[in-house]
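Dear colleague,

Please find the structure below, followed by a summary of what was found in it.

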Amino acid sequence: MEIERAIAWQMAFKETYECVQKEAGAACDMAIIALEKQKPEQPITNNFYYFCPCCGARRSIKQKHKYCHECGKKFDWSGDDGDEE
C-alpha cells in the first residue's frame, strides 16, 4: 500500500470512529504523523552540515544517514551527486 493511501485510510477511519471512542482519533493522528515521516525528502544541505526538513536537526554532511536521528524522518539523498546511501 502506498503511503498516501494509508494516510487516507487513517483519516477516514478517524472520521468514522472518533465519535465512538476519542482514543481512535488520537491513534489515527499518531499513525498519520508516522506515515508522513516515511515519505522521503531531501535534507537541507550546505558545505558542512545537513538539516532535517521535518525537525531541523543538524548532522555532519559526511554522515548522510538514511533517517533523522531526532524525529525519524526518511531522507532522500538521490539528488546529491547520485550518491545514495
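**Salt bridges and overall form**

E41 is partly exposed, with a relative accessible area of 36%; here buried means under 20% relative accessible area, exposed over 50%, and partly exposed in between, with a 1.4 Å probe and protein chains only. Please note that this is a predicted model, in which local features need pLDDT of at least 70 and side-chain atom pairs count only at pLDDT 80 or more, while totals for chains, interfaces and linings use all residues. Residues are numbered from 1 along each chain as its sequence is written, and side-chain values use heavy atoms, with hydrogens and water left out.

The side chain of E41 forms a salt bridge with that of K73, at 3.1 Å from N to O; the term denotes a side-chain nitrogen of Lys or Arg within 4 Å of a carboxyl oxygen of Asp or Glu. Because E41 lies in the loop between α2 and β1 and K73 in the segment after β3 (58–60), the pair ties together parts that are 32 residues apart in sequence. K73 counts as buried, at 3% relative accessibility.

By this rule there are four salt bridges. One of them joins the side chains of E4 and K39, at 2.7 Å from N to O. This pair links distant parts of the chain, 35 residues apart: E4 belongs to helix α1 (residues 3–17), and K39 to the loop between α2 (22–37) and β1 (44–45). E4 is partly exposed at 45% relative accessibility, and K39 is partly exposed at 25%. E4 and K39 also belong, with E36, to a network of salt bridges.

A further salt bridge pairs K14 with D29, whose closest N and O atoms are 2.6 Å apart. K14 sits in helix α1 and D29 in helix α2, 15 residues apart. D29 is partly exposed, with a relative accessible area of 31%.

Helices (H or I, at least four residues) and strands (E, at least two) are DSSP runs, numbered from the N terminus. The radius of gyration is 16 Å, whereas a compact globule of 85 residues would have one near 12 Å; it is taken over C-alpha atoms, and the globule rule is 2.2 Å times the number of residues to the power 0.38. The C-alpha atoms fill a box of roughly 50 × 25 × 15 Å along the principal axes. Of the 85 residues, 21% count as buried.

Yours sincerely
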